[in-house]
There are 2 protein chains.
Amino acid sequence: MIKNITGRIDLIESLRGKKATFLLSLSNTKTATIEGITQAGIPGMIHLTPTLDSEFVCTGEVRSLPNIAQTPKGVPTPALISRAVHLLDPFSRIELLNLGLEVTPSIEYFKQHDFNINPSGSIDVGANIDAFELFQKGVEFGQTYEPKSDYVILGESVPSGTTTALATALALGYDAKDKFSSSFAANPSNIKQEVVTKALKQISPNDDIFEILGKVSDNMLIFNAGFILGANNKDYRIILAGGTQMACVLLIINSILQTMQGAIDHSKIALVTTKWVYEDKNSDIKALLEMLDFELNSYYADFDFALSNHPALKLYDQGEAKEGVGAGGCLAYGFLKGLSKEQITKKVEEFLQ
Amino acid sequence: MIKNITGRIDLIESLRGKKATFLLSLSNTKTATIEGITQAGIPGMIHLTPTLDSEFVCTGEVRSLPNIAQTPKGVPTPALISRAVHLLDPFSRIELLNLGLEVTPSIEYFKQHDFNINPSGSIDVGANIDAFELFQKGVEFGQTYEPKSDYVILGESVPSGTTTALATALALGYDAKDKFSSSFAANPSNIKQEVVTKALKQISPNDDIFEILGKVSDNMLIFNAGFILGANNKDYRIILAGGTQMACVLLIINSILQTMQGAIDHSKIALVTTKWVYEDKNSDIKALLEMLDFELNSYYADFDFALSNHPALKLYDQGEAKEGVGAGGCLAYGFLKGLSKEQITKKVEEFLQ
C-alpha cells in the first residue's frame, strides 16, 4: 500500500505501527493573489486556506470564514484526507507551525509554534524574505524541538506553493522545468511561467543562496530546510509529507550543503507523497529527487478514490488538487497503522454528506 | 461523535489519540438504603454496586456477590460500556479510589488508593461526614498524584449519588430543582424530594460550607472537589466523566472558590457525559454547568444503542441508567482512539450473550 519512488521500502516499514506527531507548517505568500495561479481555496479568500485547513484538521470545524455560508466549492481540500486518518487512528498530537499567516487559526489547546514571521511577498516583484534569519529560525527549532513520539510527519499548506517552489528550484540552478506539480489537473503553465520568469529576473549574478531564496522562495521552503538540518542529529525521523514542494525543500538543503560543504544523515528523513503526484504527467517528482547529491528514501501512498462515487472526490483521480496538508504522509501513516483504503474512503466521504 | 454542551470542541480534540488513566471513585452512602430511591444495582444489595462495578471494569468478573447465581437483572450497569471500551482500546491503567466502601473490591494488581474513609450516612438523618478533612484528603491526593499518562478520566460509582448531589446543590443555594438526573427513566421525584427536604432541614443558618456538605453530601462529591482543586496546577487534564453528579462536584468547587475568593484554571478540566444525560427531559445538566462562575468545556459522547436489538440495552435509549462508572468519558476516549459506534455496541452485546 506504500510504494517506492526512490530508495528501498525499509525506512518506512521500520515505522510501521509507530506513533507520529503531525507538524503542519502554514504560510501565506502574496504570490497566491495572482489571478488564476492556484485553485487551493475559495476564490477571493485563498489566503485563508492554511488557516482553514489547520482548523479543520485539528477540530473538524472551519472557523475563520467571514461568512460561514460561503463554504468551499469544487475540489475539496486534501485536509479531508489528513483529518480522516486522524479520526481513524489519531496522531500522537498535531502541532502548527505559523510560518507567516495572514489570519491566525482560531484554535485553542493545540500547540501553535509562533516564530514571529510575516507572510512573504509575491515573487514576481520579490518575496522580500530575510532568508538567512528565517533559515536560522528553522535550524534552532530543529535543534530544540522534541516531538515526544517516534517520528514526525511534516506537512504544509501554502497556496501557490508549487509556483514558489518551481522558481526556487530554477533559481538554484536545477533542471526543474516541467517537473513541478500544480493544484490544477491542467497546470496553468502560462501564468505560472510568466510569474516565474519575472521572479528569476529579480536575481543578480552576485546573489548568494540566501539572497536568491529571499527573492523567489517562500517561508515554508526556507524554514523547513533549516528545521530538517537542525534536527538531523536527533533520534527521531522526519517524514516530509508532500509532493514537489517538499522535494524543493530537499533541493534547497542540497544547495546549502553544497555551499557549506556539509553532509546530511539521509537515514533520518524520507519523503512521502500521494499517488496523484507520483503519477502526474505534468510533473516529475522522481526526477527532482534524483537531482539530490544524497541518497533519499521516498514513497507514495497507493491510495485513490476508486472506491468512491462522490463526484468531488473523483476530481482527485482526474488530477485535481493531488496533495497538500500532509495528505500523502498521513495516508502512509494510516496504512502503517493497519487502516484500509475502504476505511479511509468511507471516513472522507462522511465529511461530504 | 463528541459534541459540545458548553465551550468549544478544542480541549477534547487536543486529547484525540492520547492515553488516559481511568480513575474510578467509589463510595457508599446509606442514602441508597432508602426504599425505591435508586435502581443502580441488585435490590437488597445496592451497596455492592461500586464494588461489583470496579471488579467488572478491571477484571471482567463480578466477584463480591454472595450468591453468584443472583446476577443483575433489569438495566445492566454502565460498567459494561466502560469495560467494552477498555477491551477495544485499553486505558493506560485503571486505578480505584476507595472513598468509603462497605465491601472492598476483590481485585489484585490494580492500584486501590485507600484514604481510610468510611461510608457516609443517609442524608435524611445527616450524612455525618467530616467534610473539611475529606476535602483536604482530596486536595492532598491532587497535589501528589501523578497519572503517568496524558490525561485522567475520573468516573464514579455511588448508588443514590444523584439524590445526594441534588441535596448538595440546593443546600449550596443553586437553583437546582428539576435539573438533576436519576438512574430511573421516570425520576422517582416523590421519594427523592422527601429525602432531600429532610436533608435540607438538617442545615442551620450558621453552618459554613463544609458543615453543610458534611450533612447533605456524599464522599465522592467532596473528595473529588478537593482532588480537582489540588491537581489544578499539574500538567495533565482531568475529564470529569459523569453527568449531574460530576456537575455537582463543579458546583461545590464553585462555592468553595467563592468562599475563598480563589480561582481555577478551567483549561485543565472538562466534563464529558452520555447522550442519555444530555437529552434527558427530566434533568438539565447544561443549566447546572451554566451556573458556574468559571468557563467550562463540557461534552457528551454521541452514542446510543440504536445499532443494537438487545432489550436490556434498549432500556438505555428509553432513559434508564443513563450514566455512571465513567461511561460518557470512556465512550469519548474510545471515539478519540478511533473506535466506532458499531465496535462498541458489538463489544457491549458480547457481555450479555
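Predicted model: local features only at pLDDT ≥ 70, side-chain atom pairs only at ≥ 80, totals over all residues.
# A colleague's note on salt bridges, cysteines and the A–B interface

1. Let's start in chain B. B:Lys234 and B:Glu146 form a salt bridge, with their closest N and O atoms 3.0 Å apart. This pair connects distant parts of the chain, since the two residues are 88 residues apart. B:Lys234 sits in the loop between helix 8 (219-230) and strand 6 (237-241), while B:Glu146 sits in the loop between helix 4 (131-144) and strand 5 (151-157).

2. Now try a second salt bridge in chain B, between B:Glu61 and B:Arg63, where the closest N and O atoms are 3.0 Å apart. Is B:Glu61 buried or partly exposed? B:Glu61 counts as partly exposed, with a relative accessibility of 42%.

3. A:Glu350 pairs with A:Lys347, and the closest N and O atoms are 3.4 Å apart. Both residues belong to helix 14 (residues 341-351) of chain A, where they lie 3 residues apart, or about one turn of the helix. A:Glu350 is partly exposed, with a relative accessible area of 37%, but A:Lys347 counts as buried at 15%. Look for this pair in the 3D view by tracing helix 14 of chain A.

4. Salt bridges can also join up into a group. Which residues are linked in a network of salt bridges? They are A:Lys3, A:Lys275, A:Asp302, A:Asp304 and A:Lys341. Over all chains, the count of salt bridges comes to 32.

5. Next, the place where the two chains meet. Here 18 residues of chain A are in contact with 17 residues of chain B. The area buried between the chains is about 1,400 Å², and carbon and sulfur atoms give 46% of that. On the chain A side, A:Pro90, A:Glu108 and A:Tyr109 lose the most area to chain B, together making up 41% of what that side buries.

6. How many salt bridges cross the interface of chain A and chain B? There are 3. A:Arg63 forms a salt bridge with B:Asp10, with the closest N and O atoms 2.7 Å apart. Between the two chains, 6 residue pairs are in polar contact. Helix 2 (49-59) and helix 3 (79-88) of chain A each supply at least two residues of the side that touches chain B. The largest share of that side, 4 residues, comes from helix 3 of chain A. Sorted by class, the side of chain A that touches chain B has 8 nonpolar, 4 polar and 6 charged residues.

7. Helix 5 (residues 161-171) of chain B deserves a look of its own. Why is this helix described as largely enclosed by the rest of the structure? It is because 10 of its 11 residues are buried. Among them are B:Gly161, B:Leu166, B:Thr168 and B:Ala171. After the helix comes B:Gly173, whose phi is positive, near 95 degrees.

8. Let's zoom in on one residue of that helix, B:Thr168. With a relative accessibility of 1%, B:Thr168 counts as buried. Its side chain is joined to that of B:Ser217 by a polar contact of 3.1 Å. Setting aside neighbours within four places in sequence, B:Thr168 is in contact with B:Leu213, B:Val216, B:Ser217, B:Leu221, B:Cys248 and B:Ile252.

9. Finally, the cysteines. The structure holds 0 disulfides over all chains. A:Cys330 is in no disulfide either, as the nearest cysteine sulfur to it is that of A:Cys58. A:Cys58 is buried, with a relative accessible area of 0%, and A:Cys330 also counts as buried at 0%.

Definitions and conventions. Residues numbered from 1 in each chain as written. Chains lettered and ligands numbered in written order. Heavy atoms only, no water. Disulfide = S-S within 2.5 Å. Buried < 20%, exposed > 50% of the residue type's maximum accessible area, 1.4 Å probe, protein only. Polar contact = N/O pair within 3.5 Å; in protein donor to acceptor, adjacent residues only side chain to side chain. Contact = heavy atoms within 4.5 Å. Buried area = accessible area lost by both parts, 1.4 Å probe. Salt bridge = Lys/Arg side-chain N within 4 Å of Asp/Glu carboxyl O. Nonpolar A, V, L, I, M, F, W, Y, C, P; charged D, E, K, R; others polar.
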